[in-house]
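Visitor: Show me how to read a predicted model, one feature at a time. I would like to begin with charged side chains.

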Amino acid sequence: MGSRAAYDGERTLGQILTAAALGATALGGGVAGLAAGGGSSAEAAGRAGAAQIVDPSGRGPLSSGGSRTAFTIKLPAGAACKGDSARANYRIQSYLVPQDVDLGTLAFAPGVGPEPVPGQFRAPMYEASAGASSYVDQLTAEAVPVGGPGVIIQPLPAFSFAVFDPAFGFPFTPGIYNVGIACTMGPPSAQQQEKHWNTLMTITADPNDSGPAKTRWTVAAAAVNATTTRSPLVWLAVAGAGALLSVGGAFVLRSRRRGVPLVTQPSPSHTLKETR
């Protein structure tokens with residue numbers, strides 16, 4: 001009876017350690033994936049790099065501004081879509097969407113920009129010009145050689161948030177937003193987007209803003225996944241714990257053995273309301 005109880009106890013402990021070892025192995029794989037990708041699998045698949053908010057006159061980075069402050073989005077040198085617009089039908093899109101949106105599956109409607117979601121503020125970027133045209137369905141440079149990538153022509157236009165005037169039906173919701181540029185091909189779908197370049201902005205209401213939207217924006221701190229900011233000692237501890245559990249599980253087990261083409265539509269435009 002005693003040996004039976006001992007066997008059952010050993011078996012139970014073996015099952016626990018075996019499961020823990022397997023879990024530690026899976027955890028180690030997941031940790032490695034997070035450390036390499038820095039985000040969800042869907043987002044990591046589409047992320048091409050960081051975008052930078054800069055002064056359109058070339059005076060360098062901008063960190064904050066009001067609704068009339070002009071800025072542009074600077075992409076890494078050589079930023080390009082997988083194919084060009086002339087032959088491969090790729091398009092360049094801009095977006096302004098909440099921080100928690102999965103950018104890897106963000107879809108864009110022709111002539112509109114990010115597909116609308118009820119109850120959530122989503123918009124393209126609008127140019128800081130009298131017409132305030134939305135930056136959607138733009139064309140890449142022609143690929144050289146044919147079949148190569150479609151380079152995104154830079155500098156991009158100057159943008160601003162002046163168009164988000166409640167008088168024009170654009171009541172803005174304050175919060176932290178993803179701001180960036182994406183390459184797309186085909187109609188709206190979870191697979192439409194090929195890649196994106198992104199940064200974060202914190203946008204708040206500001207009654208003292210001289211522009212019509214009464215907002216103020218600040219470039220947020222770099223979005224770093226929590227898994228990429230932990231000390232290497234943490235990773236060593238996790239790996240060590242996994243190794244110990246694996247060895248323990250193996251020891252007990254040994255003991256037991258012994259016992260569609262996109263059609264471009266005109267971009268919507270809005271006339272900016274003058275501040276009085």
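**Salt bridges**

Guide: Begin with glutamate 142. Its relative accessible area is 52%, so this residue is exposed; the cut-off for exposed is over 50%. Keep in mind throughout that this is a predicted model.

Visitor: Which side chain does glutamate 142 meet in a salt bridge?

Guide: First the general idea. Side chains of opposite charge can pair when their charged atoms come close. Here, glutamate 142 pairs with arginine 87, at 3.6 Å from N to O.

Visitor: Is arginine 87 buried or exposed?

Guide: Exposed. Arginine 87 has a relative accessibility of 52%.

Visitor: Which residues are linked with arginine 87 in a network of salt bridges?

Guide: Asp84 and Glu142 are linked with Arg87 in that network. Aspartate 84 forms a salt bridge with arginine 87, at 3.9 Å from N to O.

Visitor: Does aspartate 84 count as buried or exposed?

Guide: Buried. Aspartate 84 has 3% relative accessibility, and the cut-off for buried is under 20%.

Visitor: How many salt bridges does the structure hold?

Guide: There are four. One of them joins glutamate 194 to lysine 195, with the closest N and O atoms 3.3 Å apart. Glutamate 194 is partly exposed at 23% relative accessibility. Lysine 195 is buried at 18%.

Visitor: Now the disulfide. Which cysteine does the disulfide join to cysteine 81?

Guide: Cysteine 183, with S to S at 2.1 Å. The structure holds one disulfide. The angle about the S-S bond is -80 degrees, and the link is left-handed. Now place the two ends. Cysteine 81 belongs to strand β5 (residues 80-81) and cysteine 183 to strand β12, so this pair ties together parts 102 residues apart in sequence.

Visitor: Is cysteine 183 buried or exposed?

Guide: Buried, with a relative accessible area of 0%. Cysteine 81 is buried too, at 1% relative accessibility.

Visitor: How many of the residues of β12 are buried?

Guide: Eight of eleven, so β12 is mostly covered. Next, consider its side chains. In a regular strand the side chains alternate between the two faces of the sheet. Then look for the strands it pairs with. β12 runs antiparallel to β6, with nine bridges between them. It also runs antiparallel to β13, with ten bridges.

Visitor: Which residue in β12 stands opposite valine 97?

Guide: Asparagine 178. Likewise, threonine 184 stands opposite glutamine 193 in β13.

Visitor: What does asparagine 178 touch, not counting residues up to four places away in sequence?

Guide: Its contacts include Tyr95, Leu96, Val97, Asn198 and Thr199. Asparagine 178 is a strand residue of β12. It is buried, at 4% relative accessibility. Its side chain makes a polar contact of 2.9 Å with the side chain of asparagine 198.

Visitor: Last, the nonpolar core. Which residues touch the most other members of the largest nonpolar core?

Guide: Ile73, Leu96, Ile152, Phe161, Phe164 and Ile181 do, in a core of 32 residues. β6 (90-98), β12 (175-185) and β13 (193-205) are the elements that give two or more residues to it. β12 gives the most, with four residues.

Visitor: What is isoleucine 73 in contact with, leaving aside its neighbours within four places in sequence?

Guide: The list includes Ala51, Ile53, Met125, Leu156, Phe159, Val179 and Ile181. Gln52 and Gln154 are also in contact with isoleucine 73.

Visitor: Which residues does the second, separate core include?

Guide: Tyr95, Leu103, Leu106 and Phe108 are among its seven residues. For a second look, go back to asparagine 178, which touches both Tyr95 and Leu103.

How values were computed:
Residues numbered from 1 in each chain as written. Predicted model: local features only at pLDDT ≥ 70, side-chain atom pairs only at ≥ 80, totals over all residues. Heavy atoms only, no water. Core = buried A, V, L, I, M, F, W, Y, C linked by side-chain atoms within 4.5 Å. Buried < 20%, exposed > 50% of the residue type's maximum accessible area, 1.4 Å probe, protein only. Contact = heavy atoms within 4.5 Å. Disulfide = S-S within 2.5 Å. Pairing = 2+ DSSP bridges. Polar contact = N/O pair within 3.5 Å; in protein donor to acceptor, adjacent residues only side chain to side chain.
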